[in-house]
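Biologist: I would like to go through this model with you term by term, asking each time what the label rests on.

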Amino acid sequence: MKNAGQSSIRRAVPVGIGHYLPSRVVPNSEFEAKVDTTDEWIKSRSGIERRHFAADDEATSDLGINAAKAALKDAGLTPDDIDAVIVATSTPDLTFPSVATMIQSGLGMTRGFAFDVQAVCAGFIYALSTANAYIVSGQASRVLVIGAETFSRIMDWDDRTTSVLFGDGAGALILEAQDAEGTSEDRGVLAVDLHSDGQYRDLLYVDGGVSRTQSTGVLKMEGREVFRHAVEKLAQTAHTALARANLSADDVTWVVPHQANLRIITRTAQKMGVEMDRVIVTVQDHGNTSAASIPLALSTGVAEGKIKKGDLLVAEAIGGGLAWGSAVLRW
Ligand code: UT7
């Protein structure tokens, strides 16, 4: 309840969501011919059954443009209505300019500002947090937040421990400034919790880059160690963000986790005390799409009629850096 004389606050409220997946679907069986693996191993260890791979002429910005168009259509808005485009990606088309500016021009936008955020698999949470800060501070009124990746471009196809896990895709969310009461009943972003610890940077990295090697490189991961950190840190950050919003896990309608591994998703839900029927799971169909995984899961959850207006969502992710975090959002 608002007290007499209490002024309303600005919240970043979701008004549109959309996603895009490249048309090529790659089942686990395709990897059996390339590396020493089985469909059974991939399914039982990760929950992944298939993933999408971008076509040779399809770049990250192309996926992002399609997702953005879907989100604009869902919101009933045009590109002119958007003040800022923030793209979370670790697989940009080029070293520069940003994927965000490419998406901006692809949408025909000539106003506003656009830039990329790079926090690997936690990228969408970081981008959402940045968009929220712009909206709450009054610097922007409508922000298009996109997670878009082509991880198929940075795979070592001879490495069975990584090549079977990742996929390509994009998801887009439009956040709009709306006046709210300032309570946990408000719609919009209610709290965010971000962390990183660079001492763990060797657990998950790409072994090439502009300044160090002048090459693109391929993904390297100590899977077991990343798994251990994920299980330890994800429930903790979700709990912190919920507490910041004066809420608890009992209030959560849907957990929308980063989709890296079904066993991580399940253990995190267990630690949070949330049943799996309140968790959005898409890892079986998308694989790990890094920064695109949460907006893809959000968009899929909405499209399937699971996530509804007024639902309380908590999204959480961890990845290279290590960087991790969570966001509490009332849909
Ligand atoms: O999104 C960013 C964050 N990333 C993650 O969250 C990923 C976190 N890690 C994971 O999801 C899991 O650690 C993996 C799915 C990567 C691996 O699962 P695991 O249960 O931790 O397996 P493991 O690494 O302990 O490997 C078990 C065995 C090993 O053989 P030995 O040493 O026991 O003989 C691996 O060599 O499985 C072997 N192995 C495979 N076997 C068949 C590894 N990859 C494969 C494979 N097919 N593709």
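Modeller: Two remarks on the source come before your questions. This is a predicted model, in which local features need pLDDT of at least 70 and side-chain atom pairs count only at pLDDT 80 or more, whereas totals for chains, interfaces and linings use all residues. Residues are numbered from 1 along each chain as its sequence is written, and side-chain values use heavy atoms, with hydrogens and water left out.

Biologist: Which atom of the ligand lies 2.6 Å from a polar side-chain atom of Thr37?

Modeller: That atom is a nitrogen of the ligand, 2.6 Å from the polar side-chain atom of Thr37. A polar contact is a pair of N or O atoms within 3.5 Å; within protein, one must be able to donate a hydrogen and the other to accept it, and residues adjacent in sequence count only if both atoms are side-chain atoms. The protein covers 77% of the 950 Å² of accessible area that the ligand has on its own, with areas taken from the Shrake-Rupley method with a 1.4 Å probe.

Biologist: What makes up the shell around the ligand, by class?

Modeller: There are 11 nonpolar, 7 polar and 5 charged residues in the shell, where Ala, Val, Leu, Ile, Met, Phe, Trp, Tyr, Cys and Pro count as nonpolar, Asp, Glu, Lys and Arg as charged, and the others, Gly among them, as polar. The largest share of the shell, 4 residues, comes from α6.

Biologist: Why is Asn261 called buried?

Modeller: Asn261 has 9% relative accessibility and therefore counts as buried, since buried means under 20% relative accessible area, exposed over 50%, and partly exposed in between (1.4 Å probe, protein chains only). Asn261 is placed in the loop between β11 (254-257) and α7, and its side chain reaches the backbone nitrogen of Arg263 at 2.7 Å.

Biologist: How many aromatic pairs does the structure hold, and why is the pair of Phe113 and Tyr134 called edge-to-face?

Modeller: The structure holds 5 aromatic pairs. Rings of Phe, Tyr and Trp (its six-membered ring) pair if their centres lie within 6.5 Å, and planes under 30 degrees apart count as stacked, over 60 as edge-to-face and the rest as tilted. The centres of Phe113 and Tyr134 are 5.3 Å apart and their planes stand at 70°, so this pair is edge-to-face. Phe113 lies in strand β5 (residues 113-117) and Tyr134 in helix α5 (residues 123-137), so the pair ties together parts that are 21 residues apart in sequence.

Biologist: What makes Phe115 and Tyr134 a pair of the edge-to-face kind?

Modeller: Phe115 and Tyr134 have ring centres 6.2 Å apart and planes at 70°, so they are an edge-to-face pair. Phe113, Phe115 and Tyr134 form one aromatic cluster. Phe115, at 22% relative accessibility, counts as partly exposed, and Phe113 counts as partly exposed at 28%.

Biologist: How do you know that Lys233 lies over the face of Trp324?

Modeller: A charge sits over a ring if NZ of Lys or CZ of Arg is within 6 Å of the ring centre and within 35 degrees of the ring normal. Lys233 lies over the face of Trp324 at 5.1 Å from the ring centre, and Lys34 lies over that of Phe31 at 5.5 Å.

Notes: Helix = DSSP H or I, 4+ residues; strand = E, 2+ residues; numbered from the N terminus.
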